[in-house]
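Subject: A structure to look through

Dear colleague,

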Amino acid sequence: MTQDASGKLTIRVMKRHDLGLAIDWAAAEGWNPGLKDADCFKAVDPTGFLVGCLGDEPIASISVVRYSSTFGFLGFYIVRPDQRGRGFGYRLWRAGIAYLEDRTVGLDGVVAQQDNYARSGFVLAHRNVRFGGSPQVEAPHDERLKLVGPDLIEAVLAYDRPFFAAPRETFLRCWLKPDTRTAVAFVEDGTVKGYGVIRACRSGYKIGPLFADSERGADLLFQALASQAKGSLVFLDLPEPNQAAVQLAASYGLSPVFETARMYRGERPDLPLARTYGISTFELG
């Protein structure tokens, strides 16, 4: 636990209920988190979620997840609205950045904070755009589409590796559990050539990630996943440079509703955006 010079703000590692509160704050900001996200987030780096308190009262949050010795991801940077403008967020920010040490750090910055992140050394890589709508789709009948179960886990983990800046097996083993999400792989000639996950959120459903080697594979995966929503709202967070992903979303009646800037401090990872049709989460990358 650390304390700022004024003797008022204390910073500590979040307990499980603190993370639940931070997720509630994120929902209030319009980020629309998933209903079962918390346990998978905390599993990645249990000490990488910090809360700032006045007395015993939480008033600010930040996640600074160490994925590896060289890469971390920053998210959940929120100050409760009634406590903004008093410098508490910046003190928590400094503690989070110190925790990440000299790693390359990624984040998805909301529009209002992008200039602040730039002043802290973060450089724009590309825009991520959330598309949303109510696609009327039925599950396609294609034998190449397989529900991800124990028999496919290892192959999906291997397929995922080039799409992220560091190994994230702990996160994915939780994220792919069928009791809270539906994961579908596109398997051709015995090889995984794409996969995606859909989960229930505060509003509707969110698809993420959605990775595929081909536009056709991405389309089939989208149909298989979106059909699980049964006409409810579906959101897809996609990297704007992948215009095939933009066209895919638009072809099913989805339109832009939110945006962030993917920014990095340190060496920018070389990720396959042309095969990235949906990122996993704005909170953890």
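Does R84 count as buried, partly exposed or exposed, and what is its relative accessibility? R84 counts as partly exposed, because its relative accessibility is 41%. Please keep in mind throughout that this is a predicted model.

Staying with this residue, you will find R84 in the loop between strand 5 and helix 3. Once its neighbours within four places in sequence are left aside, R84 is in contact with E29, I78 and V79.

Domains

The domain assignment of the protein chain gives domain 1, which covers 9–125, and domain 2, which covers 131–278. Taken over C-alpha atoms, the centres of domain 1 and domain 2 are separated by 24 Å, and the contact between them takes 39 residues from domain 1 and 30 residues from domain 2.

The largest pocket holds about 660 Å³ of space. Its lining is made up of 30 residues, and those that lie nearest its centre are Y77, I78, V79, Q113 and Y117. The elements that give two or more residues to this lining are strand 5 (71–79), helix 3 (88–100), strand 6 (104–109), helix 4 (114–119) and strand 13 (255–265), and strand 5 gives the most, with six residues. Sorted by class, the lining of the largest pocket has 15 nonpolar, ten polar and five charged residues. I78 and V79, which are among the residues nearest the centre of this pocket, are also among the contacts of R84 described above.

The second largest pocket holds about 240 Å³ of space. It is lined by 22 residues, of which H126, R262, Y264, L271 and L273 lie nearest its centre. Here the elements that give two or more residues are strand 5, strand 7 (123–133) and strand 13, and the largest share, three residues, comes from strand 7. By class, the lining of the second largest pocket has 13 nonpolar, five polar and four charged residues. This lining also brings us back to the domains, since at least three of its residues are drawn from each of domain 1 and domain 2.

Nonpolar cores

How many residues does the largest nonpolar core have, and which of them have the most contacts inside it? The largest nonpolar core has 44 residues, and Y67 and Y195 are those with the most contacts inside it. Two or more residues come from each of helix 1 (16–28), helix 2 (38–44), strand 3 (49–54), strand 5, helix 5 (153–160), helix 6 (169–175), strand 9 (181–188) and strand 10 (191–200), while the largest share of this core, five residues, comes from helix 1. Each of domain 1 and domain 2 gives this core at least three residues.

If you select Y67 and leave aside its neighbours within four places in sequence, you will find that Y67 is in contact with V44, G72, F73, F164, A166, P167, R168 and L284.

Details of the backbone

A cis peptide bond, with omega about 0°, joins G208 and P209, and P209 lies in strand 11, which spans residues 205–212.

N32 has a positive phi of about 55° although it is not a glycine, and N32 sits in the loop between helix 1 and helix 2. E101 is likewise a residue other than glycine with a positive phi, in this case near 55°, and E101 lies in the loop between helix 3 and strand 6.

Which of these two residues is buried, and which is partly exposed? N32 counts as buried because its relative accessible area is 10%, which is under the 20% cut-off. E101 has a relative accessible area of 47% and is therefore partly exposed, since that class lies between 20% and 50%.

With best wishes,
A colleague

Technical notes:
Residues are numbered from 1 along each chain as its sequence is written. This is a predicted model: local features need pLDDT of at least 70, side-chain atom pairs count only at pLDDT 80 or more; totals for chains, interfaces and linings use all residues. Side-chain values use heavy atoms; hydrogens and water are left out. On a 1 Å grid over the protein atoms alone, a cavity is a set of points where a 1.4 Å probe fits but cannot get out, and a pocket is an open set with protein on both sides within 12 Å along at least five of seven lines; lining residues have an atom within 4 Å of a point. Grid points are joined across faces, edges and corners, and a volume is the space filled by probe spheres set on the points. Helices (H or I, at least four residues) and strands (E, at least two) are DSSP runs, numbered from the N terminus. Ala, Val, Leu, Ile, Met, Phe, Trp, Tyr, Cys and Pro count as nonpolar, Asp, Glu, Lys and Arg as charged, and the others, Gly among them, as polar. Domain bounds come from an automatic or database domain assignment. A nonpolar core is a set of buried Ala, Val, Leu, Ile, Met, Phe, Trp, Tyr and Cys residues joined through side-chain atoms within 4.5 Å. Buried means under 20% relative accessible area, exposed over 50%, partly exposed in between (1.4 Å probe, protein chains only). Contact means heavy atoms within 4.5 Å.
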